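Visitor: Hi, could we walk through this one together? I'd like to start with how the chains meet.
Guide: Happy to, here it is.

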Amino acid sequence: MKFARFAALTLAAVLLPLAGASAQTVKIGFITSYTGQNASVGAMMDQAVKLWMKEHTKHLPAGVKVEIINRDDTGPNPEVAKRLATELVTRDKVDFLAGVIWTPNAAAIAPIAAEAKVPFVIMNAGTSGIIPSGGAPYVTRVSFTLWQSSLPLGQWAAKNNLKKVYSLVSDFGPGIDAETAFKKGFTDGGGTVVESVRMPLATQDFAPFFQKVKDAKPDAAFVFIPAGVQATGVMKAYQDLGLAQAGIKLIGPGDITTDEELINMGDASVGATTMFHYSAAAKRPANEAFIKSWKAEYGSNSTPAFPAVATWDGMAAIFDAIKAQNGKMDNAKSAAFLKTWKTDNSPRGPISVDPETGDIVQNEYLRRVERVNGVLSNVELETFATAVKDPWKILNPKK
Amino acid sequence: MFRWFNSDKGSAVERFVQRDALKPIELLPWILAIAAYYVFPSYLPLGSQILLTILFAISLDLALGYAGIITLGHAAFFGAGAYAAGLYALHVTGEPLSGLVVAGLAGGILGFLSGLVILRTSGLTLIMLTLAVLLLVQEFANRARPITGGADGLSGISMKPIFGQFRFDLFGHTAYWYCLIVLFFVWLFALLLVRSPFGRALTGVRENVTRMHAIGAPVRRRLVTVYTISAVLAGIAGGLLAQTSQFVGLATLGFERSGEIVIMLVLGGIGRIYGAFVGVVIFMIAQDTFAKADPAFWSFWVGLMLVLIVLFARGGALGVVDQALRWVRKVRR
């Protein structure tokens, strides 16, 4: 009896570390743009991953490790993104693909995820059509779609005495989504879009475009550019040409007043009204905790914006999937888990994934840029709509 | 032309006749490429990219290295080929080989038309004009959204199996062999071309254009011809990219692609065909390694490597090999 107990204990003593040694390592292939256009957004997403790993690795099931494999897709270069994703699934045998700033890159990776049966978590790219109305196998989006923000903004603008609006968007997928969605919401409410102009994606100097806006004398300019340094360029042109003085308001999805760039924009941005799913200035406890640990890690001048939050939530979803399977990853189960994932603890409020499409469902907040304690902030005025599904899929059920 | 052994003995005439015979060492790249398929099975997507970039570099070598046409706009033909192959696969058929023909034609037509105009000039003016052609084509592709997809690019391309047999698979096996075989034929063609009287005439134009005029050689016709041939090959390289990655974006027409291919060729050594092989392999493997080791600052390391090579190895990698061989021979004597 005694011997049996001794033997069992010895066996346990030998086997336990072995169980530890044969620990599950879960690999996440994280693709973003560390160089090229919008490298600053890529760096921010990378910071979000690092902060998440620092704070949450300890919450993983015992013996489970998470390894992040970083890859640089060098900007809107789908063929590079596609090759990197292929290598990640075939050579590194990752359990998840994640990240991706640019729509064309995400669109190029989605078929790889489906063919290799590896769950793909989109953490930024916001064109609705990346995920068709019936959903895309193995693809989940935790960020946003332009339709989610621009359609309600159009409805709001029509109700708030804006009669004539000039639309100015970057000439690529998300820009066209923003333009179409805003126009739908605005004209259905009785407003008129006087002109729709599409600017080349790589535009640096926005003055010529804003001069034309000024000449057209609309009530407001609806603008979309991919968030990042271009947002400051837009604000500079808006200020230099004196559009505010000419009585032309600036409205758009939150990309144009992205939180991390506000510090560079100056007072020109005060009064810009946007519809969006996240503001760093939001008063939710989950957000305040997130901002606090971000500033403790990266300094008080660094502010996380929506790409950081989507990355943060995406990591939360992936970690939940790992915990649900106790580290023994099965790709089909992970993908199924992600499509029903939800949390009330996101910095942007309650969010969930639409099980039918795999696309994000979240609140849309109406915000205005104001100085709060001397700091420019996107102040949330009201929760304009709750639990918004991607409207494009509802309007185009067959696509 | 194909003589396997090139003896050092024999008369001067014999040596002159034999100088174009294929030497055993010239088969080395092919042996390595086939070996790479078996040794690095998980690197095949990168491998196909390298092979099609070598093809692109060979096409540039014909214009830049042999005929002395300095160009910063070669991606125009690459991109034209890529878009042509992509559109052909989307709207006509996903059959790959006819798609490559279409890609070559698209590159060639653009090369011929632009060559007719810009090859009247030389030097800095020519460089600016090659760049201008590239920017025109790029802006056209950006603006013609209904045709090209603009900044979103052409997606949804699906290729049929080659000869109805070999499907393009996720692991890139088919794509690798496909690129390798196309590259092999292009290489043969390029060797025949540069070792023909036409090729010799090109070198004459590069070395002393006044003299070529003086002996009555049709200089401009030669230049337009080689520029067109070079554009056809660049178009084929672009077509390969479109077919193997099944996506075509504006980056195929980027100035970066034009600049990088010149860098890769110079890195290997210009005017010798094999410079394309060596330069592309060094550059792309270094870039891939640096980018994976340090995703945020890899471009710095690539830049540093280039600066060092320019400082210490002016003739490119093959130039260094030549110097070393010369030195060895000297020491032996």
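Guide: One term before we start: a salt bridge here is a side-chain nitrogen of Lys or Arg within 4 Å of a carboxyl oxygen of Asp or Glu. Also keep in mind that this is a predicted model.

Visitor: Good. Which side chains does Arg145(B) or Asp171(A) meet in a salt bridge, and at what N to O distance?
Guide: Those two pair with each other: Arg145(B) and Asp171(A) form a salt bridge at 3.0 Å, N to O.

Visitor: How many salt bridges are there between chain A and chain B?
Guide: The count is five. Polar contacts across that interface come to eight residue pairs, both partners being at pLDDT 80 or more.

Visitor: Which elements of chain A give two or more residues to the side touching chain B?
Guide: They are β2 (64-72), α3 (78-90), α4 (103-116) and α6 (173-188). The most comes from α3(A), with eight residues.

Visitor: And what is that side made of, by class?
Guide: On chain A it has 10 nonpolar, seven polar and 10 charged residues.

Visitor: How much area do chain A and chain B bury between them?
Guide: About 2,400 Å², with 56% of it on carbon and sulfur atoms. Within the share that chain A buries against chain B, Glu79(A), Arg83(A) and Arg91(A) supply 26%, more than any other three residues. In terms of contacts, 27 residues of chain A touch 27 residues of chain B.

Visitor: Switching to backbone angles: which residues have a positive phi without being glycine?
Guide: Val100(A) is one of them, with phi of about 80°, and Asn326(A) is another, near 55°. For context, most residues other than glycine have a negative phi.

Visitor: Where is Val100(A), and is it buried or exposed?
Guide: Val100(A) sits in the loop between β3 (96-99) and α4 of chain A. Its relative accessible area is 1%, so Val100(A) is buried, the cut-off being under 20%.

Visitor: And Asn326(A), where does that one sit?
Guide: Asn326(A) lies in the loop between α11 (306-324) and α12 (331-339) of chain A. Its relative accessibility is 45%, so Asn326(A) counts as partly exposed.

Visitor: Last topic, strands. How do β11(A) and β12(A) pair?
Guide: Strand β11 (residues 342-346) and strand β12 (residues 349-353) of chain A run antiparallel to each other, over three bridges. Two residues make the hairpin that joins them.

Visitor: What stands opposite Thr343(A)?
Guide: That is Ile351(A), in β12(A).

Definitions and conventions
Residues numbered from 1 in each chain as written. Chains lettered and ligands numbered in written order. Predicted model: local features only at pLDDT ≥ 70, side-chain atom pairs only at ≥ 80, totals over all residues. Heavy atoms only, no water. Contact = heavy atoms within 4.5 Å. Buried area = accessible area lost by both parts, 1.4 Å probe. Polar contact = N/O pair within 3.5 Å; in protein donor to acceptor, adjacent residues only side chain to side chain. Helix = DSSP H or I, 4+ residues; strand = E, 2+ residues; numbered from the N terminus. Nonpolar A, V, L, I, M, F, W, Y, C, P; charged D, E, K, R; others polar. Pairing = 2+ DSSP bridges. Buried < 20%, exposed > 50% of the residue type's maximum accessible area, 1.4 Å probe, protein only.
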